[in-house]
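New page in my notebook. I'm jotting down what I looked up, one bit at a time.

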Amino acid sequence: MRRRKAQEKVILADPKYNSKIIAKFMNMVMVDGKKSIAEKIVYSAFDIVLKNLNEEDILKVFYKALDNARPRLEVKPRRVGGATYQVPVEVRQERGTSIALRWIRDFAQTKKGKSMEQKLAEEIISAFKGEGAAIKKRDDTHKMAESNKAYAHFRW
């Protein structure tokens with residue numbers, strides 16, 4: 001081991017749904033430390049999602065959307081004898097979840113012309129249905145890992 005392990009930050013569960021993952025998502029959406037605004041955005045996006053999908057449990061919808069967008073494999077560059085190989089590695093559960101959250105947030109932010117609540121809601125709904133930009137990104141990541149399977153023996 002070259003470096004010490006990073007200290008894991010303790011995140012308090014969000015007040016409404018008592019979920020640490022939703023609290024983490026709020027922290028990702030938050031800009032300039034304005035948590036109350038991020039809270040408002042996320043909760044109203046959830047309300048829009050429930051209205052559009054006719055579901056009653058937002059936690060089930062959100063977790064299914066996250067699970068659909070979560071990558072199982074990714075590639076990491078490894079230098080071996082002057083050449084750099086893209087080596088496929090499995091993604092840990094926590095890392096996969098944070099990647100999925102980041103993708104959903106980023107693709108919602110890049111959309112134009114609507115409020116952030118609307119854009120987030122659309123991205124969550126499309127991830128829940130197994131379509132949309134976050135799912136495409138996951139599939140591209142998996143394709144890249146699949147095509148570099150020959151270098152799997154460089155994993156260590």
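I began with the hairpin of strand 1 and strand 2: two residues sit between the strands, and Gly81 has a positive phi near 55°. I take strands as DSSP runs of E with at least two residues and helices as runs of H or I with at least four, numbered from the N terminus. This is a predicted model, where local features need pLDDT of at least 70 and side-chain atom pairs count only at pLDDT 80 or more, while totals for chains, interfaces and linings use all residues. Residues are numbered from 1 along each chain as its sequence is written, and side-chain values use heavy atoms, leaving out hydrogens and water.

Strand 1 (residues 73-80) pairs with strand 2 in the antiparallel sense over eight bridges; pairing takes at least two DSSP bridges. I found Val75 opposite Pro88 in strand 2.

Is Arg92 buried or exposed? It counts as exposed because its relative accessibility is 54%; exposed means over 50%, buried under 20%, and partly exposed in between, with a 1.4 Å probe and protein chains only.

Then I checked helix 1 (residues 20-29), where the buried residues include Phe25 and Met26. The buried residues of helix 1 pack against helix 2 (35-53), helix 3 (58-69), helix 4 and helix 5 (116-129).

Last, I zoomed out. I noted six helices and two strands, in the order α-α-α-β-β-α-α-α from the N terminus. Of the 156 residues, 40% count as buried.

Notes: Contact means heavy atoms within 4.5 Å.
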